[in-house]
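Q: Could you take me through how some of the labels attached to this structure are reached?

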Amino acid sequence: MQHRTPFRITAATVLLAAALVVVPLAQGSTAEAAAPGAPIGNVGKFKQRVVENFTTPAVAAGGKFAKTYAKNWQPYPDGTGGMYFSGSQISGHNGVMDVLLDGKKGAAGTFGTAREAWTHVGGKFTVRARATGGDGNGAAFMLWPDSNRWADGEIDYPEGNFEASPMVFQHRMVPGQEAYATQHWTGVSWRYWHTYSIEWIPGKSVTYQLDGKTIKTITRDVPKTGHRYMFQVGNWGKKGHLYIDWFTTYDYVK
């Protein structure tokens with residue numbers, strides 16, 4: 001398991017493809033919190049596997065959230081890397097997964113079942129999220145190789161500090177060059193609800209969508225092996241919250 005701080009690394013990554021897009025896209029409204037839940041049904045060549053709307057309340061104390069959502073959420077063991085403590089930081093209420101940002105403890109884990117979360121070879125991965133506060137901290141939602149070999153490919157979206165705009169980072173798959181990445185700036189804010197999707201066709205392409213619209217397709221450094229869909233937040237920065245309204249994953253069907 002790689003214990004890194006992905007949103008800090010991004011400042012040193014190098015743009016390998018086209019220049020960053022600098023035209024801001026429309027911001028979501030805070031009123032969207034009452035929007036419908038995760039979409040249901042297959043999408044083209046993507047067969048839906050997991051849907052989670054976090055409708056059951058669960059306190060953080062005693063790791064109750066992880067127990068309540070054990071079928072669709074696999075947290076890092078508390079104390080991993082000396083910084084991840086999902087058991088105390090994550091709760092569920094009002095239809096959201098609430099990640100507490102306190103500047104002292106981070107949180108991380110994998111979306112999906114304990115048995116199948118590590119078996120994605122291609123697929124579609126969608127999350128609806130927003131953050132309040134947490135300046136100096138950030139989040140990375142990512143597809144990370146089950147081999148834990150960085151050169152097998154890392155895909156990050158959305159990723160970035162909460163006071164900035166979330167970005168795309170698709171890392172090089174050349175040993176020794178993994179810190180370099182193709183980047184794309186979304187132009188939106190973590191402070192509003194947005195829906196972020198990754199459509200991954202193994203060895204061919206990765207397409208990034210924001211609120212249902214394609215913003216970037218990348219055809220280099222495209223993974224071919226098993227990955228898991230996960231997120232990490234750090235143990236620094238100001239107090240705040242990362243809210244996850246829902247997520248859904250799909251398998252790629254040839």
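A: In this predicted model, a polar contact of 2.7 Å joins the side chains of H194 and D211.

Q: What makes the pairing of H194 and D211 a polar contact?
A: The side chains of H194 and D211 are joined at 2.7 Å, and a polar contact requires a pair of N or O atoms within 3.5 Å, so the value meets the distance cut-off.

Q: How many aromatic pairs are found in the whole structure, and why is the one formed by F65 and Y69 called tilted?
A: The search finds 18 aromatic pairs. F65 and Y69 form one with 4.8 Å centre to centre and 35 degrees between the planes; because planes under 30 degrees apart count as stacked and those over 60 as edge-to-face, the pair is tilted.

Q: Are F65 and Y69 buried or exposed?
A: F65 has 2% relative accessibility and Y69 has 5%; buried means under 20%, so F65 counts as buried, and so does Y69. Ring pairs also link F65 and Y69 into a cluster whose members include W73, F111 and F247.

Methods: Residues numbered from 1 in each chain as written. Predicted model: local features only at pLDDT ≥ 70, side-chain atom pairs only at ≥ 80, totals over all residues. Heavy atoms only, no water. Polar contact = N/O pair within 3.5 Å; in protein donor to acceptor, adjacent residues only side chain to side chain. Phe/Tyr/Trp six-rings, centres within 6.5 Å; stacked < 30°, edge-to-face > 60°. Buried < 20%, exposed > 50% of the residue type's maximum accessible area, 1.4 Å probe, protein only.
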